[in-house]
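Have a look at the model first, then read on.

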Amino acid sequence: MRISAELLGLLRDAKANPDDLGLRQILADWLEEHGDPERAEFVRLDCRGWIEERTARRDSLMASNLDAWIRPLEVRELTIASSRGLLKVCGPSRYLLSRELAQRDCIPELAWIESLELRNLTAAESPALATSPHWTCLNQLHVENTQGNIDANVSPEFFGHSPHDWSAFRDFPSRETLRSLSFRSLDLGAAGLAALLAHPFPELRRLVLHAANLGDAGAEALARSSCLPRLRSLEIVHSRVGSAGWVALADWPGLATLERLIMQDNYPGEEGVAALARSPLCHSLTDWDLTALSRYFNDQMPGRCLGPAGAIALATAPQPFGRLRRLSLAEHRIGVEGARALASSRVLPSLTALNLSANSLGDEGVRALVAAPWLPNLRELHLSQNGLTDEGALALLDAPPLPELTALNLISNMGMSVPIRQRLRQRFGENLWL
C-alpha cells in the first residue's frame, strides 16, 4: 500500500510513544478501515504479549506478508523481527546504505521500521548513513562493527591506530525521532563523539558506547554537551575512560536524568568514583555498574581498580543513593576494608542487588557483609571468586533471614567443603549458584 500523510502521522505517533499501546491500536483500526485487515490483525496480535496461539498466528501473518511489507528490501540480506506491530531490521551496512537502495522509491516500506541495526559500518560509509532514506521516522539506531573488534582498554601506545573520521555524524537528520542510539566496536574517539553530539537529541533515552576508544577526552566531550535532556540510560563500556574522564562527568548536567549508568571495563579509580559519589547529580540512579577490567588487565596496569579506598569513597558519599537498586563493583579488589565500609554505609538504603565478585573479600569480608543493615532487602548477592572457606560459608548460613533473596552466587570459592556446600543448598535451595 502507498503510504498516506495520515498513516505516516500515525506511525510517527506510535514510535514517539512506544509504551502507549493505545496508539498502536488506533493504527490497527485505521489499517482495517482502509483495506489492510491482515496488517491490522498483525499489529493487534503483536501488541498482546506472548500467548502460543496468538504468536503462531502472528508469525504466520508475518511470513506470508513479509515480502510485500518490506519491498524493495531483500529479505535474504536481512534479519527481520517484529516490535509491537512495527519492524526491527538488522543487516550489513554495505547493503542497507547502498546507492541502489537509496535511489529506490522505498519510503513507504521504511516508514514501518522502528529499529535499524547496521552491521560492519565503516567510517567511509558514515556520509551514506547521514543521507540514508531510513531516517523517515526511525527511533532506534544500532551500529556495530563486528569485523573490527578492538581491545579498547589497552594503553594508547599498544592501541595501534588513531580514531577514524566520523565527522559525517554531524549531519544526522531527524534527531528528534531517536530514542535509542547504540555504537558497538566503532572507533569513534573523542572527535567522533563530539561530532555526534554537535546537535541536540531531544528525545533520546538510551546511549550506548561500547569499545569506542573514547579515552578521557571523549568523556570530557560528553560532559561539555547539553544535547541529551531526557537521557535515562548511558553505557560507556570498554572505552579507556580513566579517572579524569569520570571526574569531568561528575559535573555533567545530564547525570541528573540518568537512571542507569553502565561503566564496565573502564578504570575510574578512586578519584573518579569519589567525584561521582560526591556529585549531587547522580542520585537518581537505580542501576550502577562499575565492573572493572578483567584481572589480567588489572595485573598489567595496577591502580586501575577501586581498591578499598574507592569503596570507602562510595560508602561515605555525602548524600544517600536513595533510589539505587543494583550496584556492581566486581573485580575491584575492595578487600575486607572495603567490605566493612559498604556494610556500615547508610547511603545504600534501597539496594536489592549487589555484585562483589572477585574482590578479595575472604571470610572476614563476608562476615562484615552479613551485618549490613541493607542485607535482608537483597534479591541478588554475587560473591564468586572471593576465596571463601567454610568459615565464610558459615557466616552466610548464620545470617539473618533473607526473605527476598533469589540468587546467591558463590561460584569458584574452592575452599568450601562438601558438607558445608550441602548445608548451603539446604538453606538457599534453587537460589544458590555453586
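Which residue forms a salt bridge with Arg260? The partner is Asp287, and the closest N and O atoms are 3.6 Å apart. A salt bridge here is a side-chain nitrogen of Lys or Arg within 4 Å of a carboxyl oxygen of Asp or Glu.

Bear in mind that this is a predicted model: local features need pLDDT of at least 70, side-chain atom pairs count only at pLDDT 80 or more, and totals for chains, interfaces and linings use all residues. Residues are numbered from 1 along each chain as its sequence is written, and side-chain values use heavy atoms, with hydrogens and water left out.

**Salt bridges**

- Searching the whole structure turns up 15 salt bridges.
- One of them pairs Arg58 with Asp46, with 3.0 Å between the closest N and O atoms. Arg58 sits in helix α4 (residues 52–70) and Asp46 in helix α3 (residues 37–46), so this pair ties together parts 12 residues apart in sequence. Helices (H or I, at least four residues) and strands (E, at least two) are DSSP runs, numbered from the N terminus.
- Back to Arg260 and Asp287: that pair links distant parts of the chain, strand β8 (residues 260–262) and strand β9 (residues 287–289), 27 residues apart.
- Glu380 forms a salt bridge with Arg326, the closest N and O atoms being 3.2 Å apart. Here Glu380 is in strand β12 (residues 380–382) and Arg326 in strand β10 (residues 326–328), distant parts of the chain 54 residues apart.
- Salt bridges with shared partners also join Arg206, Glu235, Arg260 and Asp287 into one network.

- The cut-offs: buried is under 20% relative accessible area, exposed is over 50%, and partly exposed is in between (1.4 Å probe, protein chains only).
- Asp46 counts as buried at 9%, and Asp287 is buried too, at 16%.
- Arg260 is partly exposed at 30%, as is Arg326 at 36%.

**Strands around β2**

- Strand β2 (residues 86–92) has six of its seven residues buried, so the rest of the structure largely encloses it.
- Strand β1 (residues 79–83) pairs with β2 in the antiparallel sense over five bridges; two strands pair if DSSP finds at least two bridges between them.
- Ser83 stands opposite Leu86 in β2.
- Pro92 has Arg119 in β3 as its bridge partner.
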